[in-house]
Amino acid sequence: MRLKVAVAGLGVIAQTVHLPLLERRGDLFEVVALCDLSASLTGRLADRYGAAGRYTDVTEMLDAGGFDAVLVLTSGSHGRVVVDALSRGYAVLCEKPLAYTRAEAAEIAALEDPDRPRLMVGYMKQYDPAVQRVAGRQADVRAVQVTVLHPSDQAQLAFARLPEPPGDVPAEVVARLRAQEDELVRAAIGEATPEARGLYMTILNSICHDLSLLRLLAGGPAGVDHVTTWPGVGGRSVEMSGALRAGGRYAIHWHFLEDYPGYRETVAVHHATGTFEVVFATPYLLGAATGLTDVSADGRLAFSDVTPSFERELVAFHAMATSGVPPLTGVPGALEDIVTAQQAVTRLLDQQGLPAEGESASA
């Protein structure tokens, strides 16, 4: 079955990844509607990809219909758009983060049928061929060590030669959306310090990928025992650690290094009989190889695959939408990440002698 899809949000990830892959997988998908706050961007990409539906208001697009599924690629929290899409009967692939608050996640969960899921959260690294090669092992995990070296988006996207961002989005619309985002963040973590807010957003927008891999490879984090952040020239760093549900411990070191020469993310899983280590390149560069080194008593195996994890994610989304195959991450996994982020904020504030507020006070 060929799914008719609509795409909400036409920013960098849509232009560099999702729209080209939807076109590549024309055997599975037909793009019939696009929506962005910028009318000029919507028109240009609708012409490029042959979408008849062109909208600047996502509610209007959802009400108009004519499609089976929606890719939610807008910025910020996606809670409201996902609720609106699910309540109208669409299957949804939602980029991270699913939401900023546990309350939003609960509202989304109320619309899901566990026996026939309709929501996939976009943690594409779970679908990476190198990750899938080691997923599901019954290993006695002792430790998982994650290191992320994250240059600026501009540095990562230089190859794409994207046009300048459109200038036709009304200022009052941008102001309204920012106010809504601020309200949700306050509901999540209260009037937190800039450092705590930065930590929360870093976890939900980037470190969440590593939390998703911890769930797939080692049962996920059981909590956050330690967290700290510190500034540096041209960037900032986050360190967090705790126990794993499957036993052992995890440690995540995330560094924003504006002028670092290339994105690099390393996930090393040390278990009783060996180590497997996965190294990811920039996610925007389709065809960049993910490498796996698997060390065991049988020797050292090197594996590399250039199949885009985003493409495998889209294939899995098609299987969910058409056959009800459960995604690797739905609402429960996304909710775990929100809770983990709130626990991290609580630990950070506690070190500073400050009380947790909002939802994080009970995380």
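Guide: This is a predicted model, and your questions follow.

Visitor: Why are α5 and α11 called roughly antiparallel?

Guide: Two packed helices are described by the angle between their axes and the distance between the axes. Helix α5 covers residues 102-109 and helix α11 covers residues 331-351. They pack at about 170 degrees, with axes 10 Å apart. Angles over 145 degrees count as roughly antiparallel. So α5 and α11 are roughly antiparallel to each other.

Visitor: Which residues of α5 and α11 make the contact?

Guide: From α5 come Arg102, Ala105, Ile108 and Ala109. From α11 come Val331, Leu335, Ile338, Val339 and Gln342. By kind, the contact has 7 nonpolar residues, 1 polar and 1 charged.

Visitor: Why does Ser360 count as buried?

Guide: Its relative accessibility is 1%. Buried means under 20%. Ser360 therefore counts as buried.

Visitor: Where does Ser360 lie, and what is it in contact with?

Guide: Ser360 sits in the segment after α11. Leaving aside neighbours within four places in sequence, Ser360 is in contact with Arg102, Ala188, Ile189, Gln342 and Thr346.

Visitor: What does the side chain of Ser360 reach?

Guide: The side chain reaches the backbone oxygen of Glu357, at 2.6 Å. A polar contact needs N or O atoms within 3.5 Å.

Visitor: Which feature does UniProt place at residues 3-123?

Guide: The unreviewed UniProt entry gives "domain: Gfo/Idh/MocA-like oxidoreductase N-terminal" there. In the model, residues 3-123 are 40% helix and 24% strand. The end C-alpha atoms of that span lie 21 Å apart.

Note on methods. Residues numbered from 1 in each chain as written. Predicted model: local features only at pLDDT ≥ 70, side-chain atom pairs only at ≥ 80, totals over all residues. Heavy atoms only, no water. UniProt positions renumbered as here; feature names shortened; annotations may be inferred. Helix = DSSP H or I, 4+ residues; strand = E, 2+ residues; numbered from the N terminus. Axes fitted to C-alpha atoms, helices over the stretch in contact; angles between N-to-C directions. Parallel < 35°, antiparallel > 145°, perpendicular 65-115°, else oblique. Contact = heavy atoms within 4.5 Å. Nonpolar A, V, L, I, M, F, W, Y, C, P; charged D, E, K, R; others polar. Buried < 20%, exposed > 50% of the residue type's maximum accessible area, 1.4 Å probe, protein only. Polar contact = N/O pair within 3.5 Å; in protein donor to acceptor, adjacent residues only side chain to side chain.
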